[in-house]
Amino acid sequence: MSLNFTLADRFDTVLDEFESKGGKAESFRQYVESVSGVEIDVSDTEGLWLRIAGWLKSEEGGLRWGKNIGIFSAIVATSVIVAAILGFVTNRSLRIVGGVSDPLRQLLVRTVWQATVGVGVLLALTALEINLAPILALVGGTSFILAFALQTNIGNLASGLMIMIYSPFNVGDEVELCGTSGYIDSISLPHTKIKGWTGQIITIPNNSILSSVVVNHSARDTRRVSLQIRVGYNENLSKVEQLLLDIFKSHSLVLEEPRPSTFAWKFEEYFVDLYVGGWTKTSDYWQVYNETLHQIKERFAQEGISIPIPQKDIRVQEST
(Lines give C-alpha, C1' and ligand atoms only; values in the text may rest on other atoms or scores of the structure.)
Protein backbone atom coordinates (compact mmCIF):
# COMPACT_ATOMS: atom_id res chain seq x y z
CA MET A 1 0.00 0.00 0.00
CA SER A 2 2.81 2.41 0.89
CA LEU A 3 4.38 1.76 -2.54
CA ASN A 4 1.09 2.62 -4.22
CA PHE A 5 0.86 5.90 -2.33
CA THR A 6 4.44 6.79 -3.30
CA LEU A 7 3.96 6.02 -7.01
CA ALA A 8 0.64 7.87 -7.09
CA ASP A 9 2.13 10.99 -5.52
CA ARG A 10 5.06 11.01 -7.94
CA PHE A 11 2.82 10.37 -10.94
CA ASP A 12 0.54 13.26 -9.87
CA THR A 13 3.56 15.55 -9.90
CA VAL A 14 4.48 14.41 -13.43
CA LEU A 15 0.89 14.92 -14.63
CA ASP A 16 0.77 18.45 -13.11
CA GLU A 17 3.90 19.38 -15.06
CA PHE A 18 2.49 17.73 -18.20
CA GLU A 19 -0.76 19.73 -17.96
CA SER A 20 1.12 23.00 -17.34
CA LYS A 21 2.73 22.53 -20.79
CA GLY A 22 -0.60 22.00 -22.53
CA GLY A 23 -0.92 18.24 -22.33
CA LYS A 24 -4.16 16.37 -21.60
CA ALA A 25 -3.81 14.14 -18.60
CA GLU A 26 -7.43 13.31 -17.76
CA SER A 27 -7.25 9.69 -18.91
CA PHE A 28 -4.01 9.15 -17.01
CA ARG A 29 -5.56 10.55 -13.82
CA GLN A 30 -8.51 8.19 -14.17
CA TYR A 31 -6.08 5.30 -14.43
CA VAL A 32 -4.22 6.44 -11.29
CA GLU A 33 -7.49 6.71 -9.39
CA SER A 34 -8.55 3.25 -10.48
CA VAL A 35 -5.21 1.75 -9.41
CA SER A 36 -4.56 3.64 -6.18
CA GLY A 37 -8.03 4.65 -5.10
CA VAL A 38 -9.56 2.96 -2.10
CA GLU A 39 -13.31 2.41 -1.90
CA ILE A 40 -14.58 2.22 1.63
CA ASP A 41 -17.85 0.68 2.64
CA VAL A 42 -18.92 2.65 5.71
CA SER A 43 -21.41 -0.04 6.66
CA ASP A 44 -18.53 -2.46 7.18
CA THR A 45 -17.33 -1.08 10.52
CA GLU A 46 -14.66 -3.71 11.09
CA GLY A 47 -13.26 -3.32 7.59
CA LEU A 48 -13.35 0.45 7.93
CA TRP A 49 -11.29 0.40 11.11
CA LEU A 50 -8.82 -2.03 9.58
CA ARG A 51 -8.31 0.25 6.60
CA ILE A 52 -7.90 3.32 8.83
CA ALA A 53 -5.42 1.46 11.04
CA GLY A 54 -3.52 0.35 7.96
CA TRP A 55 -3.35 3.90 6.63
CA LEU A 56 -2.16 5.25 9.99
CA LYS A 57 0.65 2.67 10.13
CA SER A 58 1.70 3.19 6.54
CA GLU A 59 4.91 5.12 5.89
CA GLU A 60 3.21 7.11 3.12
CA GLY A 61 0.03 7.61 5.09
CA GLY A 62 -0.40 8.33 8.79
CA LEU A 63 3.28 8.06 9.68
CA ARG A 64 4.22 10.43 6.90
CA TRP A 65 1.66 13.10 7.81
CA GLY A 66 2.22 12.66 11.52
CA LYS A 67 5.90 13.34 10.98
CA ASN A 68 5.12 16.35 8.77
CA ILE A 69 2.68 17.83 11.29
CA GLY A 70 5.22 17.29 14.07
CA ILE A 71 7.92 19.09 12.10
CA PHE A 72 5.46 21.89 11.27
CA SER A 73 4.55 22.37 14.94
CA ALA A 74 8.18 22.28 16.04
CA ILE A 75 9.25 24.91 13.49
CA VAL A 76 6.37 27.25 14.42
CA ALA A 77 7.06 26.87 18.15
CA THR A 78 10.78 27.47 17.61
CA SER A 79 10.11 30.57 15.50
CA VAL A 80 7.88 32.03 18.23
CA ILE A 81 10.60 31.47 20.85
CA VAL A 82 13.30 32.93 18.60
CA ALA A 83 11.03 35.89 17.79
CA ALA A 84 10.54 36.62 21.50
CA ILE A 85 14.32 36.48 22.09
CA LEU A 86 15.09 38.74 19.12
CA GLY A 87 12.35 41.17 20.19
CA PHE A 88 13.81 41.37 23.69
CA VAL A 89 17.35 41.89 22.36
CA THR A 90 16.15 44.59 19.93
CA ASN A 91 14.22 46.40 22.66
CA ARG A 92 17.13 46.26 25.09
CA SER A 93 19.65 47.40 22.47
CA LEU A 94 17.55 50.39 21.40
CA ARG A 95 17.10 51.46 25.02
CA ILE A 96 20.87 51.30 25.60
CA VAL A 97 21.72 53.15 22.40
CA GLY A 98 19.10 55.86 23.07
CA GLY A 99 17.90 58.56 20.69
CA VAL A 100 15.01 56.40 19.47
CA SER A 101 11.45 57.47 20.25
CA ASP A 102 9.21 55.06 22.17
CA PRO A 103 6.75 54.57 19.25
CA LEU A 104 9.60 53.81 16.82
CA ARG A 105 11.22 51.42 19.28
CA GLN A 106 7.93 49.58 19.81
CA LEU A 107 7.37 49.44 16.03
CA LEU A 108 10.82 47.95 15.41
CA VAL A 109 10.39 45.35 18.15
CA ARG A 110 6.96 44.39 16.81
CA THR A 111 8.30 44.21 13.23
CA VAL A 112 11.19 41.93 14.27
CA TRP A 113 8.77 39.64 16.11
CA GLN A 114 6.25 39.46 13.27
CA ALA A 115 8.91 38.98 10.57
CA THR A 116 10.58 36.15 12.49
CA VAL A 117 7.28 34.34 13.10
CA GLY A 118 6.25 34.90 9.45
CA VAL A 119 9.46 33.37 8.10
CA GLY A 120 9.05 30.48 10.54
CA VAL A 121 5.50 29.78 9.36
CA LEU A 122 6.60 29.80 5.72
CA LEU A 123 9.38 27.33 6.48
CA ALA A 124 6.94 25.21 8.45
CA LEU A 125 4.54 25.05 5.49
CA THR A 126 7.25 23.34 3.43
CA ALA A 127 7.18 20.52 6.00
CA LEU A 128 3.54 19.95 4.98
CA GLU A 129 4.74 19.63 1.37
CA ILE A 130 3.05 22.89 0.38
CA ASN A 131 4.57 24.71 -2.58
CA LEU A 132 5.34 28.29 -1.52
CA ALA A 133 5.80 29.70 -5.03
CA PRO A 134 2.05 30.24 -5.73
CA ILE A 135 1.55 31.72 -2.25
CA LEU A 136 4.43 34.18 -2.66
CA ALA A 137 3.22 35.10 -6.16
CA LEU A 138 -0.30 35.74 -4.84
CA VAL A 139 1.04 37.90 -2.01
CA GLY A 140 3.20 39.89 -4.42
CA GLY A 141 0.35 40.48 -6.85
CA THR A 142 -2.06 41.45 -4.09
CA SER A 143 0.46 43.90 -2.62
CA PHE A 144 0.94 45.52 -6.04
CA ILE A 145 -2.82 46.03 -6.45
CA LEU A 146 -3.30 47.35 -2.92
CA ALA A 147 -0.46 49.83 -3.41
CA PHE A 148 -2.50 51.58 -6.10
CA ALA A 149 -5.86 51.25 -4.34
CA LEU A 150 -4.63 52.55 -0.98
CA GLN A 151 -2.29 55.38 -1.94
CA THR A 152 -3.68 57.76 0.71
CA ASN A 153 -3.35 55.12 3.42
CA ILE A 154 0.20 54.33 2.33
CA GLY A 155 0.97 58.07 2.51
CA ASN A 156 -0.27 58.08 6.10
CA LEU A 157 1.89 55.06 6.92
CA ALA A 158 4.96 56.75 5.44
CA SER A 159 4.18 59.95 7.36
CA GLY A 160 3.78 57.94 10.56
CA LEU A 161 7.17 56.36 10.02
CA MET A 162 8.74 59.81 9.47
CA ILE A 163 7.12 61.10 12.68
CA MET A 164 8.51 58.15 14.62
CA ILE A 165 12.00 58.67 13.16
CA TYR A 166 12.24 62.46 13.66
CA SER A 167 10.16 62.38 16.86
CA PRO A 168 8.71 65.94 16.97
CA PHE A 169 6.62 64.75 19.93
CA ASN A 170 6.18 61.71 22.14
CA VAL A 171 3.37 60.06 24.05
CA GLY A 172 2.31 62.29 26.95
CA ASP A 173 3.56 65.57 25.41
CA GLU A 174 1.33 68.65 25.41
CA VAL A 175 0.99 69.75 21.79
CA GLU A 176 -0.92 71.84 19.28
CA LEU A 177 -1.58 69.92 16.05
CA CYS A 178 -3.80 70.93 13.13
CA GLY A 179 -5.68 73.45 15.29
CA THR A 180 -6.14 70.93 18.12
CA SER A 181 -4.60 71.17 21.61
CA GLY A 182 -4.11 68.39 24.13
CA TYR A 183 -1.81 65.55 25.17
CA ILE A 184 -0.49 62.84 22.83
CA ASP A 185 -2.38 59.67 23.69
CA SER A 186 -0.82 57.30 21.15
CA ILE A 187 1.22 57.28 17.94
CA SER A 188 0.76 54.64 15.26
CA LEU A 189 1.72 54.39 11.59
CA PRO A 190 -1.64 55.57 10.14
CA HIS A 191 -2.65 58.19 12.72
CA THR A 192 -1.94 59.99 15.98
CA LYS A 193 -4.45 60.27 18.82
CA ILE A 194 -4.70 63.35 21.05
CA LYS A 195 -6.48 63.46 24.39
CA GLY A 196 -8.30 66.79 24.61
CA TRP A 197 -8.82 68.96 27.68
CA THR A 198 -12.23 67.41 28.40
CA GLY A 199 -11.02 63.82 27.90
CA GLN A 200 -12.12 63.40 24.29
CA ILE A 201 -9.89 61.42 21.94
CA ILE A 202 -9.09 63.18 18.65
CA THR A 203 -7.65 61.10 15.80
CA ILE A 204 -5.53 62.96 13.22
CA PRO A 205 -4.09 61.31 10.06
CA ASN A 206 -0.30 61.44 10.10
CA ASN A 207 -0.24 62.85 6.58
CA SER A 208 -2.02 65.99 7.87
CA ILE A 209 0.35 66.33 10.82
CA LEU A 210 3.48 66.13 8.67
CA SER A 211 2.23 68.96 6.45
CA SER A 212 1.19 71.28 9.32
CA VAL A 213 2.85 73.30 12.07
CA VAL A 214 3.60 71.30 15.22
CA VAL A 215 3.87 73.11 18.57
CA ASN A 216 5.29 70.93 21.35
CA HIS A 217 5.01 72.57 24.78
CA SER A 218 6.77 69.61 26.44
CA ALA A 219 9.88 69.59 24.24
CA ARG A 220 12.08 71.04 27.01
CA ASP A 221 12.48 70.32 30.71
CA THR A 222 11.50 73.90 31.61
CA ARG A 223 8.68 76.13 30.41
CA ARG A 224 7.78 79.80 30.92
CA VAL A 225 4.51 80.67 32.65
CA SER A 226 3.39 83.91 31.00
CA LEU A 227 0.27 85.80 32.13
CA GLN A 228 -1.44 88.75 30.48
CA ILE A 229 -2.68 91.24 33.07
CA ARG A 230 -4.86 94.29 32.43
CA VAL A 231 -4.66 97.33 34.73
CA GLY A 232 -6.49 100.63 34.60
CA TYR A 233 -4.94 103.95 33.54
CA ASN A 234 -5.25 105.29 37.07
CA GLU A 235 -2.94 102.58 38.53
CA ASN A 236 0.77 102.97 39.25
CA LEU A 237 2.41 100.65 36.70
CA SER A 238 5.72 100.40 38.59
CA LYS A 239 3.88 99.35 41.76
CA VAL A 240 1.82 96.79 39.85
CA GLU A 241 4.88 95.34 38.13
CA GLN A 242 6.75 94.98 41.42
CA LEU A 243 3.78 93.26 43.00
CA LEU A 244 3.60 90.78 40.12
CA LEU A 245 7.33 90.09 40.39
CA ASP A 246 7.02 89.48 44.13
CA ILE A 247 4.28 86.92 43.53
CA PHE A 248 6.36 84.96 41.04
CA LYS A 249 9.58 85.19 43.05
CA SER A 250 7.86 83.93 46.19
CA HIS A 251 6.40 80.85 44.51
CA SER A 252 8.38 77.75 45.48
CA LEU A 253 8.06 76.12 42.02
CA VAL A 254 9.26 79.15 40.04
CA LEU A 255 12.95 78.90 39.15
CA GLU A 256 15.39 81.60 40.30
CA GLU A 257 17.16 81.51 36.92
CA PRO A 258 16.07 82.75 34.47
CA ARG A 259 14.54 85.38 36.73
CA PRO A 260 10.84 86.34 36.56
CA SER A 261 10.18 89.48 34.54
CA THR A 262 7.43 91.89 33.55
CA PHE A 263 6.80 93.85 30.38
CA ALA A 264 4.38 96.71 29.66
CA TRP A 265 3.00 95.72 26.30
CA LYS A 266 0.69 98.44 24.99
CA PHE A 267 -2.13 100.91 25.69
CA GLU A 268 -5.62 99.77 24.93
CA GLU A 269 -8.91 101.62 24.92
CA TYR A 270 -9.55 101.42 28.66
CA PHE A 271 -6.55 99.54 30.12
CA VAL A 272 -2.81 98.94 29.89
CA ASP A 273 -1.57 95.47 28.86
CA LEU A 274 1.11 93.97 31.13
CA TYR A 275 2.87 90.64 30.81
CA VAL A 276 4.48 88.83 33.72
CA GLY A 277 6.20 85.46 33.64
CA GLY A 278 8.65 83.08 35.22
CA TRP A 279 10.25 79.74 34.39
CA THR A 280 9.31 76.44 35.98
CA LYS A 281 9.65 72.74 35.30
CA THR A 282 7.42 71.61 32.45
CA SER A 283 5.69 69.12 34.74
CA ASP A 284 4.80 71.98 37.18
CA TYR A 285 3.54 74.41 34.52
CA TRP A 286 -0.20 74.20 35.06
CA GLN A 287 0.12 74.16 38.86
CA VAL A 288 2.19 77.36 38.78
CA TYR A 289 -0.17 78.92 36.22
CA ASN A 290 -3.22 78.25 38.38
CA GLU A 291 -1.69 79.26 41.73
CA THR A 292 -0.08 82.50 40.53
CA LEU A 293 -3.34 83.55 38.88
CA HIS A 294 -5.17 83.07 42.19
CA GLN A 295 -2.47 84.95 44.11
CA ILE A 296 -2.60 87.90 41.69
CA LYS A 297 -6.36 88.19 42.13
CA GLU A 298 -6.03 88.10 45.94
CA ARG A 299 -3.13 90.60 46.08
CA PHE A 300 -4.93 93.00 43.74
CA ALA A 301 -7.93 92.92 46.06
CA GLN A 302 -5.71 93.57 49.11
CA GLU A 303 -3.86 96.44 47.44
CA GLY A 304 -7.00 98.00 46.01
CA ILE A 305 -5.87 97.49 42.41
CA SER A 306 -8.83 97.12 40.12
CA ILE A 307 -9.02 95.00 37.01
CA PRO A 308 -10.73 97.16 34.39
CA ILE A 309 -13.85 95.96 32.65
CA PRO A 310 -15.53 97.48 29.60
CA GLN A 311 -17.85 100.37 30.48
CA LYS A 312 -20.24 102.42 28.42
CA ASP A 313 -21.80 105.72 29.34
CA ILE A 314 -25.33 106.09 28.07
CA ARG A 315 -26.79 109.57 27.96
CA VAL A 316 -30.47 110.11 27.46
CA GLN A 317 -31.44 113.46 26.04
CA GLU A 318 -35.04 114.50 26.50
CA SER A 319 -36.64 116.21 23.55
CA THR A 320 -38.24 119.57 24.21
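Which helix does M162 lie in? M162 lies in helix α7; helices (H or I, at least four residues) and strands (E, at least two) are DSSP runs, numbered from the N terminus. The model is predicted, so local features need pLDDT of at least 70 and side-chain atom pairs count only at pLDDT 80 or more, while totals for chains, interfaces and linings use all residues. Residues are numbered from 1 along each chain as its sequence is written, and side-chain values use heavy atoms, with hydrogens and water left out.

**Helix α7 and the nonpolar patch**

- L161, M162, I165, Y166 and L210 make a nonpolar surface patch of about 500 Å².
- Helix α7 (residues 151-166) gives the largest share of this patch, four residues.
- M162 is partly exposed, with a relative accessible area of 35%; buried means under 20%, exposed over 50%, and partly exposed in between (1.4 Å probe, protein chains only).
- Patches are made of residues with over 30% relative accessible area and no salt bridge, with like charges joined within 9 Å and nonpolar side chains (Val, Leu, Ile, Met, Phe, Trp, Tyr) within 5 Å.
- A salt bridge is a side-chain nitrogen of Lys or Arg within 4 Å of a carboxyl oxygen of Asp or Glu.

**Helix α5**

- At 1.5 Å a residue, the 26 residues of helix α5 (residues 102-127) should span 38 Å, which agrees with the 38 Å between its end C-alpha atoms.
- The buried residues of α5 include P103, R105, T116, G120 and A127.

**Annotated segments**

- The unreviewed UniProt entry carries the annotation "transmembrane region" for residues 69-90, 111-128 and 134-154; such annotations may be inferred rather than shown by experiment.
- Residues 69-90 are 100% helix and 0% strand, with end C-alpha atoms 31 Å apart.
- Residues 111-128 are 94% helix and 0% strand, and their end C-alpha atoms are 26 Å apart.

- β6 pairs with strand β8 (residues 272-281) in the antiparallel sense over ten bridges; two strands pair if DSSP finds at least two bridges between them.
- Within β8, L274 is the bridge partner of I229, and V276 is that of L227.
- Strand β7 (residues 261-267) runs antiparallel to β8, joined by six bridges, and the two form a hairpin with four residues between them.
- Seven of the ten residues of β8 are buried.

Technical notes: Expected span 1.5 Å × (residues − 1). Areas by Shrake-Rupley, 256 points an atom, 1.4 Å probe, with all protein chains shown as cover.
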